[in-house]
Amino acid sequence: MNKFIIAGIVSLMVMTTGCGMEQIDEGSRGIETSWGKVVGDPLKPGLYFYNPISGSIFEMDVREKKMEEVTSVFTRDTQKVDITYSITYYPENDKIGQLYSQFGRSWDEKTVKQVVLGGLKDAVGKYIADDLVGKREEAKKSAELEIKNALATRSVIVTRLDFINLDFDDAYEKAVEAKVVAIQRSAEAKNKT
């Protein structure tokens, strides 16, 4: 009952004084602006009042996010491989205001994907196609380190990168199968003699 009375008093106060009010939820930070410019540090969860004529408060999610995508890259011997990958990341809580200032509310769409694509291309481009499958974990670790370092400079923390699937071009896969069959037949012929 007391909560309803307090909420009613606060609502009446807001309506009569021309004051704006914003609640920042757990897992988020508030970005306060005055005449479009970010002011102060990100606001922690809680209830905040502001002048709605000159300012605003935007709620920004700072919880861990997961992005799963498919992208095409080339190996060192120019074989095309479609990589299905998954990456988990989150922004540094105290730097979310800088991300908002530089990239806006959709900061992750403008930063994370491009850095991940660059890191995957660089890491996979070091291997020939035949070696990539066997050294998949090594390639993933190389890409993850490069992506972590690049995003850390933008105040984004990467917690995990996974290669879910590596899918080579159909013509290449058939050539590999034919090569494996030829090697097996050669081994059988050798055993017979």
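This is a predicted model: local features need pLDDT of at least 70, side-chain atom pairs count only at pLDDT 80 or more; totals for chains, interfaces and linings use all residues.
Buried means under 20% relative accessible area, exposed means over 50%, and partly exposed lies in between, with a 1.4 Å probe and protein chains only.

Residues are numbered from 1 along each chain as its sequence is written, and side-chain values use heavy atoms, with hydrogens and water left out.

Confidence comes next. pLDDT is the predictor's confidence in each residue, from 0 to 100. Its mean over the protein is 85. Helix α1 has the lowest mean, 59, and strand β7 the highest, 95. Helices (H or I, at least four residues) and strands (E, at least two) are DSSP runs, numbered from the N terminus.

Now the salt bridges. A salt bridge is a side-chain nitrogen of Lys or Arg within 4 Å of a carboxyl oxygen of Asp or Glu. The whole structure has six.

One of them joins Glu 69 to Lys 113, with the closest N and O atoms 3.3 Å apart. Glu 69 is in strand β6 and Lys 113 in helix α3, 44 residues apart, so the pair links distant parts of the chain. Glu 69 counts as partly exposed because its relative accessibility is 25%. Lys 113, at 32%, is also partly exposed.

Which residue pairs with Lys 140? Glu 137 does, at 3.7 Å between the closest N and O atoms. Both lie in helix α5, three residues apart, about one turn of the helix. Lys 140 is buried, at 11%, whereas Glu 137 is partly exposed, at 44%. With Glu 144, these two are linked in a network of salt bridges.
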